[in-house]
Amino acid sequence: MMEPNEAPQHVGSSNAVQEDVAFNLAILSLTELLSLGGLLGNGVVLWLLSCNAYRNPFSIYLLDVACADLIFLSCHMVAVVSDLLPGQLGLPSFIQTSLATLRFLCYIVSLSLLAAISTEQCLATFFPAWYLCRRPRHLTTCVCALIWALCLLLDLLLTGACTLFLGESSSRLCWTLWVVLAALLAALCCAMCVSSLLLLLRMEHGPLRHQPRGFPALVLLAVLLFLFCGLPFGIYWLSRNLHWHIPHYFYHLSFLTAGMHSAAKPAIYFCLGSARGQGLREPLRLVLQRALGDEAELGARRETSHRGLMEVTA
């Protein structure tokens with residue numbers, strides 16, 4: 001026979017389940033909308049940068065970032081449904097593993113590229129003579145290729161170890177790889193924060209503080225966007241695999257902020273590059289070039305410096 005106080009408990013538990021489902025649906029709807037907008041924005045950035053005949057180091061970095069964010073959002077839109085509404089979308093385990101592998105690969109690549117961008121911008125600001133004359137011409141291409149290759153290798157090792165492709169003893173290797181990955185994420189975050197702080201101090205107190213901010217401001221905003229929106233998703237992956245205790249709603253909010261992180265970057269590019277009073281009347285190519293204006297000018301000075309050195313040598 002049911003006790004009198006059991007009925008209210010059953011009603012309370014069912015209400016809690018309904019509230020969780022409603023909360024998950026709200027997070028899912030916002031995530032899908034942001035992801036759709038991010039796919040459009042990153043697709044436009046990817047098309048504009050790939051069709052642009054002029055190449056400078058930071059435009060190549062942003063081209064790779066847009067490619068990584070485009071793949072991430074494509075996988076995120078599908079994977080987040082089964083993450084937030086388990087049992088509603090039954091995907092085969094192979095597809096779930098593939099989506100998780102691609103999603104985490106693009107997340108690590110985007111983070112590594114952002115660390116490389118902030119570090120190189122800091123070096124270009126503090127050592128302009130080295131950047132103009134001594135910097136290797138194909139350094140950016142080599143760095144991007146190395147980042148993609150190393151991240152792909154690490155992601156494949158994680159997938160193989162943590163999905164038991166390497167046998168029953170792979171659980172120890174899985175935990176070790178996730179600890180290594182946690183140290184890597186911490187190192188990349190520290191590199192971004194230190195270089196961005198130095199860049200901010202240089203912008204505020206250096207000799208160029210009264211000039212337009214341009215690309216350095218874009219770098220600082222991208223780093224802040226990652227710290228507030230992109231980092232929670234990395235903490236979610238680490239806590240899920242290293243068994244950290246994290247509040248329940250943090251997992252769901254990390255899905256939303258991850259989509260916001262990848263979707264907001266094109267908005268930052270176009271907002272910084274748009275001229276006052278022009279609105280949407282300017283070509284997007286011109287707006288994006290203006291967002292890269294400082295770097296384009298620096299690249300032009302670098303080409304002029306190379307030509308001058310060649311003439312003096314001749």
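Student: Which side chain makes a polar contact with the side chain of Lys 265, and at what distance?

Tutor: First the criterion. A polar contact is a pair of N or O atoms within 3.5 Å; within protein, one must be able to donate a hydrogen and the other to accept it, and residues adjacent in sequence count only if both atoms are side-chain atoms. Here the side chain of Lys 265 pairs with that of Asp 69, at 3.1 Å. This is a predicted model, where local features need pLDDT of at least 70, side-chain atom pairs count only at pLDDT 80 or more, and totals for chains, interfaces and linings use all residues. Numbering starts from 1 along each chain as its sequence is written, and side-chain values use heavy atoms, with hydrogens and water left out.

Student: Where is Lys 265 placed, and is Lys 265 buried or exposed?

Tutor: Relative accessible area decides the second point: buried is under 20%, exposed is over 50%, and partly exposed lies in between (1.4 Å probe, protein chains only). Lys 265 sits in helix H8. Helices here are DSSP runs (H or I, at least four residues), as strands are (E, at least two), numbered from the N terminus. With a relative accessible area of 5%, Lys 265 is buried.

Student: Leaving aside neighbours within four places in sequence, which residues is Lys 265 in contact with?

Tutor: Contact means heavy atoms within 4.5 Å. By that rule, Lys 265 touches Val 65, Asp 69, Ser 110 and Leu 225.

Student: Take Ser 110, then. What is Ser 110 in contact with, beyond four places in sequence?

Tutor: Val 65, Ala 68, Asp 69, His 261 and Lys 265. Ser 110 belongs to helix H3. Ser 110 counts as buried because its relative accessibility is 4%. Look also at Trp 148: it is 38 residues from Ser 110 in sequence, and the C-alpha to C-alpha distance is 9.5 Å.

Student: How are two packed helices described?

Tutor: By the angle between their axes and the distance between the axes. The axes are lines fitted to C-alpha atoms, for helices over the stretch in contact, and the angles run from 0 to 180 degrees between N-to-C directions. Start with H2 (residues 57-84) and H3 (residues 93-126): their axes come within 8 Å and cross at roughly 150°. So H2 is roughly antiparallel to H3. The cut-offs are under 35 degrees for roughly parallel, over 145 for roughly antiparallel, 65 to 115 for roughly perpendicular, and oblique for the rest.

Student: What is the hand of the H2 and H3 crossing?

Tutor: Left-handed. That means the near helix is turned anticlockwise from the far one by less than a right angle; clockwise would be right-handed. The H2 contact with H3 has 20 nonpolar, three polar and five charged residues. In this scheme Ala, Val, Leu, Ile, Met, Phe, Trp, Tyr, Cys and Pro are nonpolar, Asp, Glu, Lys and Arg charged, and the others, Gly among them, polar.

Student: At what angle do H3 and H6 pack?

Tutor: About 30°, with the axes 9 Å apart. H6 covers residues 170-205. H3 and H6 are therefore roughly parallel. Their crossing is left-handed. H3 residues in the contact include Phe 104, Ile 108 and Leu 111, and those of H6 include Trp 178, Leu 181 and Leu 185. By class, the contact has 14 nonpolar, seven polar and one charged residues.

Student: How do H7 and H8 cross?

Tutor: At roughly 160°, with the axes within 8 Å. That makes H7 roughly antiparallel to H8. H7 passes H8 in a left-handed crossing. Their contact has 19 nonpolar, five polar and one charged residues.

Student: How many helices and strands does the protein have?

Tutor: Ten helices and zero strands. Buried residues make up 43% of the 314 residues. Of contacts between residues at least 6 apart in sequence, 77% join residues at least 24 apart.
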